[in-house]
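User: Hi! Could you walk me through this one? I'd like to go strand by strand, then look at a pocket.
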Amino acid sequence: MCGKFTAKASWTEIVDFIWSAPAEEDADRMLAYRVMSNLPVILWDAEAHRRRVVPMRWGFPDAQDWRRPKPIHARSETIETTNAFAQAFRDGQRGIVLMKNFNEAPDVDGPTIQHTITPGDEAVLAAAFVWRRYHTPDPAMPPLACVLVTVPANELIATLPTDRMPAFLAPDDWQLWLGEKSASPHAVKACLKTVEGVRWTMAREERAKTARRGKPTVSDPTGLF
């Protein structure tokens, strides 16, 4: 299931909480985000009556060890009934993260083989997330954490094979998902649909993973990826 995606550095309104505005020559630079990264999450600020972009860690803290990200995904079919997500979903703690492309891997035994899925006509993909507030002993860790909502895989991604993919929101559904418009939980959940009939491409990544721990970076504060 998706654990990595990229965003364009030129989306300064989304990434300026991490870096200052990139130079014009860097407009096409891509930023890679992985599990445990601090994601730029768009949410609706009801008090200010405007959208905001807030940094949140990808992955809810595990109940036994807050440093471990578990879970990192929420199934759309049970998002309103699963204890870990139900309250956040019903309370409007829902957000959007913009993606240029995303990665998937086959659900098979053996080495992880990543595939990059790139949309054809869409300039940006708007992935649905739910978020919660946490208190942890580490003051450097964002007090908010989020998980990616998933839906059944479309025809292209199912060929890997894998049975899940991110839930991408149609532009007309942003306001409902973020809570800008009042709606029932049933209507909000209806925004979570498998994207079919699109001209996406999928390419296998040839670069092999290494087990060596890397130096922490902005997009990977843990240095684990």
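User: Which residue in β10 is the bridge partner of His 73?

Analyst: That's Leu 148. His 73 belongs to strand β5 (residues 73–75), which runs parallel to β10 and is joined to it by 3 bridges. Strands here are DSSP E runs of at least two residues, and helices are H or I runs of at least four, numbered from the N terminus. Two strands pair if DSSP finds at least two bridges between them.

User: Before we go on, what should I know about the model and numbering?

Analyst: This is a predicted model, where local features need pLDDT of at least 70 and side-chain atom pairs count only at pLDDT 80 or more, while totals for chains, interfaces and linings use all residues. Residues are numbered from 1 along each chain as its sequence is written, and side-chain values use heavy atoms, with hydrogens and water left out.

User: Is β10 largely enclosed or open, and why?

Analyst: Largely enclosed by the rest of the structure, because 8 of its 9 residues (144–152) are buried. Buried means under 20% relative accessible area with a 1.4 Å probe, protein chains only.

User: Switching topic: what volume does the second largest pocket have?

Analyst: About 240 Å³, the space filled by probe spheres set on grid points joined across faces, edges and corners. A pocket is an open set of points on a 1 Å grid over the protein atoms alone, where a 1.4 Å probe fits, with protein on both sides within 12 Å along at least five of seven lines; lining residues have an atom within 4 Å of a point.

User: Which residues are closest to its centre?

Analyst: Of the 15 lining residues, Leu 43, Trp 44, Asp 45, Ala 46 and Trp 131. The largest share of the lining, 3 residues, comes from β3; β3 (38–45), β4 and β9 each supply at least two.

How values were computed: Buried means under 20% relative accessible area, exposed over 50%, partly exposed in between (1.4 Å probe, protein chains only).
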